[in-house]
There are 2 protein chains.
Amino acid sequence: MSKNGQKLQIIPLGGMGEIGKNMTVIQYDKEIIVIDSGLMFPEEEMLGIDVVIPDITYLIENKENVKGIVITHGHEDHIGALPYVLQQINAPLYGTKLTLGLVDGKLKETKFKKSVPMNIVKPPATVQIGSFTVDFIRVNHSIPDAVGLAIHTPVGVVCHTGDFKLDQTPVDGRIADLHKFAELGSKGVLVLLSDSTNAEREGYTMSEKVVGTTIEEIFQKAAGRIIVATFASNIHRIQQILDSAYKFNRKVAVVGRSMVNVVNIALDLGYLSIPKGLLMELDEIARLPKERVVIITTGSQGEPMSALTRMAMSEHKKVEIVPGDTVLISATPIPGNEKFVARTIDHLFKQGANVIYEAISGVHVSGHASQEELKLMLNLIRPKFFVPVHGEYRHLIHHAQLAKQIGIPEENIFIAENGRVLEFSQDSGRMAGRVTAGKVLVDGLGVGDVGNIVLRDRKQLSQDGILIVVVTIDKETAEVVAGPDIISRGFVYVRESEELMDQARDKVRQALKKCQDEDISEWSTIKSQVRDTLGKYLFEQTRRRPMILPIIMEV
Amino acid sequence: MSKNGQKLQIIPLGGMGEIGKNMTVIQYDKEIIVIDSGLMFPEEEMLGIDVVIPDITYLIENKENVKGIVITHGHEDHIGALPYVLQQINAPLYGTKLTLGLVDGKLKETKFKKSVPMNIVKPPATVQIGSFTVDFIRVNHSIPDAVGLAIHTPVGVVCHTGDFKLDQTPVDGRIADLHKFAELGSKGVLVLLSDSTNAEREGYTMSEKVVGTTIEEIFQKAAGRIIVATFASNIHRIQQILDSAYKFNRKVAVVGRSMVNVVNIALDLGYLSIPKGLLMELDEIARLPKERVVIITTGSQGEPMSALTRMAMSEHKKVEIVPGDTVLISATPIPGNEKFVARTIDHLFKQGANVIYEAISGVHVSGHASQEELKLMLNLIRPKFFVPVHGEYRHLIHHAQLAKQIGIPEENIFIAENGRVLEFSQDSGRMAGRVTAGKVLVDGLGVGDVGNIVLRDRKQLSQDGILIVVVTIDKETAEVVAGPDIISRGFVYVRESEELMDQARDKVRQALKKCQDEDISEWSTIKSQVRDTLGKYLFEQTRRRPMILPIIMEV
């Protein structure tokens, strides 16, 4: 029973209307638990930004109340903000062994100093966090050891699927804990939060085993070396590659920093089973005949600095692509990476490789549930209220439509936004106000110091470059004693545009002269005169609008 | 018969290993005809660039020999470079009525002054251009009036498909001229150049009529206003939208500059048949009940400034999206545009529209032949030599594999590059040297004045911005008389980083002092000292590498 009519609050701080920086607050009677702390990769217009993390002002304001941070699985969009969040918030972490192993690796990588209590949970299990009782429930996903959560509160049960699919034939034999979800549904769930990533996709998501079959077929046919690029965290995929290598009497080398990292962590923690001698160092494996070699590498997204891309561009120090190589890209391009991936494929073909990629069915499957699985989950849980999460707006909308189809009344479905407070009693739910939420941009060591003005400047600089106009003026007489000099970067290739620059200097001189004639001595006015005159002239001549920066020095 | 063993040369100047800026030179006995003159949209790393056109140095060097430019159809990647090419080359144009109508519109738009002879050809037709006899052969494509070509030369026949698909039920009832291709094949074709865009796709490309059926179904169900975004040049698509509007008693307004332009040209030239009174002005149509309104608009690629995007963002002056609107995006995102399109869809959903897009089958079909059609074309033509064209490298490779499958010997298939000279006699073909070819970047009025240095600067500016360090030095004493001043743009938000900037100034002072102490007076050395010292400091503090521009003024 809830105390004195206390309400349960669910506040998404990230992951709503976006795929990335997942973070959800569950709050009751001043106690908070946080689900996930993820990062997002920058949008195209966020020039120079490395990563984006959620604005956690709300958590900082309520830091005494945060009883724990529960992590559903080890993907960057669920753990990537932890190094920043844990700087601000003292709270123990809860997660499965692999998840916390990856978190630990991440914290070490960022040279994180504080000691953070980490509670390893092995599902099925129930943990007490503050006054919340939290069930950890196994789900299938593109990384092992992913969980959904059931959070028991005095108002009712909140069920959060985490990222999930329902794989009936998972590689590790451990299917999602359908029985637990069914049991929860039977007893009654107040609110379901469920993964919307694939809410647009009809049918079922294929089993990871399908990819294993495809890999085996490719290994059977390949005559030369085999190079496979995939996501480092997809341990089951890696296991299947290793299995095929073993079956066809090949040895395996692992390439790429994140791939080596994750494979090591997974090996240490027992998530990969590798026959002795199967793995070899790159230098060693190079001595074997090509038909006995497999290389597992990063770069499935065509990332410019990744191992596969460097191989494709003939820039990798140790691996050179040669005719006869089979390259398998076992991944789909994440939206925004399509052109990078295509370019990598083209370069691999040019080097003479036989490249196998997404055009061929079965080289990759998604880790997220499609419509039939989403409806099944909704029907198992039978929640009173439904909140689609983990999706861009159209995904949330499609997921809401599925919920309507299986009979959840429209007024019990909430399409939320980051920062929106959802408030529930045992029999009612509503949108109730907002808390601070948003994007914090990380650029190098700077967290949040790059804002709209800086981004706007970067945008302008990127399009047409910059012209700097320097002039030195005598303090007493206001006469020009040096300059005007004009320096440009990113505007035109100066040696071929000397005449343009000469004319530009003349225009500046005229503008300065005009100011002097009109007895204008305010620097800001002089500067804006220079900027306007020069800007107009350059636009007429070139149809470009570089940034113009007049600098006046006084002596 | 060929004169004195003269060889036929085929030289692609664009469109090989890329989709865009198509241009192919056919040369025999010093006579040249050029097929297409297209542009390409800039790659992501070509910051600030508007369009990319082929390097036509080779044509300029041989301008007296250019007998004509033949245009296969009116898409930008086939006509877009004409305003630049025709500045340099005097040659008559050949094309169908709609194609040359669109070229004419394009030249007017760019205020092109020269008069260019335009020869309208109505297929099936044969035209003499120099000593070449050129057949114009109807094909199906996503724009009406597209043609393939058969160029009869003394060495043999060169067949160029243009961009094509084989639509068995085209909207205008005019199927590709299979009989002509068959006849050419029977008589013997030396070289086939064929469209590789969809060489990765199995099966057949669906008929444009399929989209008509989908549109009709959507119109039947829609209760409120209907807004359809598609490619302006897809006249058959527009015809089908108009037909559905008429059938369901709706009126139509056309929005977006390029849409209005193309619809007007197509209307003038008789490519659209519109019942009187069906088209209305936007202001007028706004007075009708919503269920009687259709708006056809640009913006199917989520282009930031397009009409649909502005509607989605509530920034369009005349059209506001309201709940009840049905928005149909009848197009697939061109690679690179996926995120823009997704964002537009999300915003439309947020405004309350029912958005129908590519997730639903039949809202769009491709204009390019899939594998079965490509093989059919190869089998109809039965060329001695085959050159896959119009594709990125992997498309050319896949197309080559199809040609092998239907029995063309591998040594008779040429994967060419831009600038590669292909040389043919009656019974032999080979790669024979290279001519100048490449990308010319157009930025505003500048054609080719933005090169690698400027792009590299724009890249650096876009990532971490710029710091300008200005110092004024006394000519005689080499003492600093003003500054150092530091101005930054796109680096950090200065007001929040005053301490950093103070420290930076100190570092510059130290560097200057050190130079003075060591009696270094060469400006270049002083500048590089300042750059190094400051760069190192800023990287330590921020992990960013802004451009640093030291400027020394002398008085």
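# Rings, bridges and burial

Modeller: This is a predicted model. A search of the whole structure finds eight aromatic pairs over all chains.

Colleague: What makes B:Phe349 and B:Tyr357 an aromatic pair, and why is the pair called edge-to-face?

Modeller: Their ring centres are 6.4 Å apart, and the cut-off for a pair is within 6.5 Å. The planes stand at 80°. Over 60 degrees counts as edge-to-face, so that is the name used. Both B:Phe349 and B:Tyr357 are buried.

Colleague: Why is the pair of B:Phe414 and B:Phe424 called edge-to-face?

Modeller: The centres lie 5.8 Å apart, with the planes at 80°. The angle passes the limit of over 60 degrees, so the pair is edge-to-face. B:Phe414 sits in the loop between helix H13 and strand S19 of chain B, and B:Phe424 in strand S19, ten residues apart. Both of these Phe residues are buried.

Colleague: How do you know that A:Glu45 and B:Arg343 form a salt bridge?

Modeller: Their closest N and O atoms are 3.1 Å apart. The limit is within 4 Å, so the contact counts.

Colleague: Why is this pair said to join two chains?

Modeller: A:Glu45 lies in the loop between strands S3 and S4 of chain A, and B:Arg343 in helix H11 of chain B, so the pair joins two chains.

Colleague: Why is A:Glu45 called partly exposed?

Modeller: Its relative accessibility is 38%. Buried means under 20% and exposed over 50%, so a value in between is partly exposed. B:Arg343, at 28%, is partly exposed too.

Colleague: What makes the contact of A:Arg237 and A:Glu208 a salt bridge?

Modeller: The N to O distance is 2.5 Å, and the limit is within 4 Å. The pair links distant parts of the chain: A:Arg237 is in helix H7 and A:Glu208 in helix H6, 29 residues apart.

Colleague: Are these two buried or exposed?

Modeller: A:Arg237 has 0% relative accessible area. A:Glu208 has 7%. Under 20% means buried, so both qualify.

Colleague: Which salt bridge does A:Asp443 form?

Modeller: A:Asp443 forms one with B:Arg544, at 3.3 Å between the closest N and O atoms. This pair crosses between chains, from strand S21 of chain A to the loop between H16 and S25 of chain B. A:Asp443 is buried at 2%, and B:Arg544 is buried at 0%.

Colleague: Why is B:Arg545 called exposed?

Modeller: Its relative accessible area is 52%. The cut-off is over 50%, so B:Arg545 counts as exposed. With A:Lys111, A:Lys113 and B:Arg543, B:Arg545 forms a positive surface patch.

Notes. Residues numbered from 1 in each chain as written. Chains lettered and ligands numbered in written order. Predicted model: local features only at pLDDT ≥ 70, side-chain atom pairs only at ≥ 80, totals over all residues. Heavy atoms only, no water. Patch = residues over 30% accessible without salt bridge, like charges linked within 9 Å, V, L, I, M, F, W, Y side chains within 5 Å. Areas by Shrake-Rupley, 256 points an atom, 1.4 Å probe, with all protein chains shown as cover. Salt bridge = Lys/Arg side-chain N within 4 Å of Asp/Glu carboxyl O. Lys, Arg positive; Asp, Glu negative; His and termini not counted. Charge placed at Lys NZ, Arg CZ, Asp CG, Glu CD. Buried < 20%, exposed > 50% of the residue type's maximum accessible area, 1.4 Å probe, protein only. Phe/Tyr/Trp six-rings, centres within 6.5 Å; stacked < 30°, edge-to-face > 60°. Helix = DSSP H or I, 4+ residues; strand = E, 2+ residues; numbered from the N terminus.
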